[in-house]
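Please open the model in your viewer and keep the sequence panel beside it, so that each selection can be followed in both. The tour begins at a single residue and then widens to the whole chain.

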Amino acid sequence: MGNLIIIVILLCIISSIIVYLYKAKKKGKTCIGCPYGGQCSSSQEGGCCAGHQKEDET
């Protein structure tokens, strides 16, 4: 019974993540995990915001 509860909770978490990613991609976001995802020019051109991550580390 305990294993079933854990499996149901994990399935709920995974399904909510998949729904979130699907909706974000449908809205046109390219860098879903990036805090600058909708603001940077590379995101608007279809690229990823890897440049922001490097700037934040320095």
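**A stop inside the first selection**

Select Ala24 to begin: in this predicted model, the residue has a relative accessible area of 5% and counts as buried because that value falls under 20%. Show the surroundings of Ala24 next, and, once its neighbours within four places in sequence are left aside, the residues in contact with it are Lys29 and Ile32.

Now extend the selection to the element to which Ala24 belongs, helix 1. Helix 1 covers residues 2-26, 25 residues in total, and its span of 36 Å from first C-alpha to last is close to the 36 Å expected at 1.5 Å a residue. Moving on to the stretch just after helix 1, select Gly28, where the backbone takes a positive phi of about 100°.

**Widening to the chain**

Colour the chain by pLDDT, for which the mean is 75, with 59% of the residues at 70 or more. Among the elements, helix 1 has the highest mean pLDDT, 94, whereas helix 3, at residues 50-57, has the lowest, 51.

Finish with the surface turned on: the chain exposes about 4900 Å², of which carbon and sulfur atoms supply 64%. How many of the 58 residues of the chain, as a percentage, count as buried? The share is 14%, and Ala24, where the tour began, is one of the buried residues.

Note on methods. Residues are numbered from 1 along each chain as its sequence is written. This is a predicted model: local features need pLDDT of at least 70, side-chain atom pairs count only at pLDDT 80 or more; totals for chains, interfaces and linings use all residues. Side-chain values use heavy atoms; hydrogens and water are left out. Helices (H or I, at least four residues) and strands (E, at least two) are DSSP runs, numbered from the N terminus. The expected span of a helix is 1.5 Å times one less than its number of residues. Buried means under 20% relative accessible area, exposed over 50%, partly exposed in between (1.4 Å probe, protein chains only). Accessible areas come from the Shrake-Rupley method with a 1.4 Å probe; for residues, only the protein chains shown count as cover. pLDDT is the predictor's confidence in each residue, from 0 to 100. Contact means heavy atoms within 4.5 Å.
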